[in-house]
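Please read the points below with the coordinates open beside you. They are set out as a colleague's note, taking one region at a time.

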Amino acid sequence: METFGTRLHRAVIERGPLCVGIDPHPALLARWGLEDDVQGLDRFTRTVVDALGDRVAVVKPQSAFFERFGSCGVAVLESTIRQLRNAGSLVLLDVKRGDIGSTVQAYASAYLDPSSPMYVDAVTASPYLGVGSLAPMFELAAERGGGVFVLALTSNPEGAAVQRARTADGRTVAQTVIDEISQLNKGAEPLGSFGLVVGATIGDTGHDLSGVGGPLLAPGLGAQGAGAADLRTVFGPSLAAVLPSYSREVLSAGPDVAGLRAAADRVLGECRAVLAAP
């Protein structure tokens with residue numbers, strides 16, 4: 001089975017280095033003239049898929065904004081995943097799951113088993129019960145050609161207290177996460193299937209990302225304050241592995257399909273200029 005890293009590498013070559021989040025905040029639904037209900041959610045997501053599903057490399061639905069409507073919202077999420085896959089986008093489900101034992105195995109089955117109605121190309125995961133606790137996710141992803149993006153250095157100010165704490169060997173907690181994910185990608189070509197989430201707003205990280213061997217998802221661009229130029233500061237020599245992620249910066253251009261496409265094209269152009277520069 002073709003690996004997620006291989007599919008992502010090809011998608012970025014064909015469609016460009018861009019991930020667009022589907023984050024249907026109540027305020028964003030209102031801005032689009034939609035009600036904050038399941039019908040509004042469904043219209044919103046269908047419009048985003050129609051506009052971007054056949055042109056963006058990766059689309060990242062945020063599960064929480066669907067789950068808040070209960071089972072009906074989850075049904076919309078399942079439909080959105082199917083629509084995106086049919087349109088040719090890779091689907092990265094932003095769920096940030098993390099647990100132990102049979103529970104994390106169940107999460108893995110929910111998102112990374114092709115027989116599941118929630119099956120996606122990759123998920124986000126939290127390693128703060130220990131990176132090893134995510135082993136069932138890594139194993140099923142490797143077996144079924146999926147990907148896992150693990151939180152490493154996040155943009156929220158609260159994260160630093162945990163992520164930058166020092167371990168007994170002097171490394172930060174975040175660096176131990178980085179190093180363990182690097183090991184999972186050893187020998188993978190052209191790109192490993194296990195990535196990291198590193199916020200685009202955090203500036204010079206002081207961490208070594210050079211050996212990761214997998215994709216580096218960079219949220220925080222656009223409405224959250226970072227611009228494409230900040231990617232050079234955050235990622236330095238690891239720029240080639242960066243997958244920039246925008247949400248509101250693009251989604252605010254809706255509900256006009258042409259407006260959404262123009263916004264995605266604009267930020268993609270800005271990112272290409274930075275990522276391609278020597």
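1. Gln 62 sits in the loop that runs between strand 2 (58-61) and helix 4 (64-67), where helices (H or I, at least four residues) and strands (E, at least two) are DSSP runs numbered from the N terminus. At 13% relative accessibility Gln 62 counts as buried, the term meaning under 20% relative accessible area, with exposed meaning over 50% and partly exposed in between (1.4 Å probe, protein chains only). Leaving aside residues up to four places away in sequence, Gln 62 touches Ile 22, Asp 23, Asp 94 and Lys 96, a contact being heavy atoms within 4.5 Å.

2. On provenance, this is a predicted model, in which local features need pLDDT of at least 70 and side-chain atom pairs count only at pLDDT 80 or more, while totals for chains, interfaces and linings use all residues. Residues are numbered from 1 along each chain as its sequence is written, and side-chain values use heavy atoms, with hydrogens and water left out.

3. Lys 96, one of the residues touched by Gln 62, belongs to strand 3. At 40% relative accessibility, Lys 96 counts as partly exposed.

4. How do helix 3 and helix 12 cross? The axes of helix 3 (residues 38-52) and helix 12 (residues 257-276) come within 9 Å and cross at roughly 60°, the axes being lines fitted to C-alpha atoms, for helices over the stretch in contact, and the angles running from 0 to 180 degrees between N-to-C directions. That angle makes helix 3 oblique to helix 12, given that angles under 35 degrees count as roughly parallel, over 145 as roughly antiparallel, 65 to 115 as roughly perpendicular and the rest as oblique. Helix 3 contributes Thr 47, Asp 50, Ala 51 and Leu 52 to the contact, and helix 12 contributes Val 257, Leu 260, Arg 261 and Ala 264. By class, the contact of helix 3 with helix 12 has 5 nonpolar, 1 polar and 2 charged residues, where Ala, Val, Leu, Ile, Met, Phe, Trp, Tyr, Cys and Pro count as nonpolar, Asp, Glu, Lys and Arg as charged, and the others, Gly among them, as polar.

5. Helix 3 also packs with helix 5 (residues 70-87), at an angle of about 10° and with the axes 10 Å apart; the two helices are therefore roughly parallel to each other. On the helix 3 side the contact involves Val 38, Leu 41, Asp 42, Thr 45, Arg 46 and Val 49, which meet Cys 72, Gly 73, Val 76, Ser 79, Thr 80, Gln 83 and Leu 84 in helix 5. The residues of this contact divide into 6 nonpolar, 5 polar and 2 charged.

6. In helix 7 (residues 135-144), the buried residues are Pro 136, Met 137, Phe 138, Leu 140 and Ala 141. Their cover includes strand 3 (90-97), helix 6, strand 4 (122-125), strand 5 (147-153), helix 9 (173-184) and strand 6 (194-198). Just after helix 7, Gly 145 takes a positive phi of about 75°.

7. One joins Glu 189 and Pro 190, with omega about -5°, and Pro 190 lies in the loop between helix 9 and strand 6. The other runs from Gly 254 to Pro 255, with omega near 10°, and Pro 255 is found in the loop between helix 11 (248-251) and helix 12.

8. A search of the whole structure finds 15 salt bridges, each defined as a side-chain nitrogen of Lys or Arg within 4 Å of a carboxyl oxygen of Asp or Glu. Among them, Arg 10 and Glu 2 meet at 2.8 Å, N to O; Arg 10 is partly exposed at 34% relative accessibility, and Glu 2 is partly exposed at 36%. Arg 171 forms a salt bridge with Asp 169, the closest N and O atoms being 2.8 Å apart, and another with Asp 179, at 2.7 Å.
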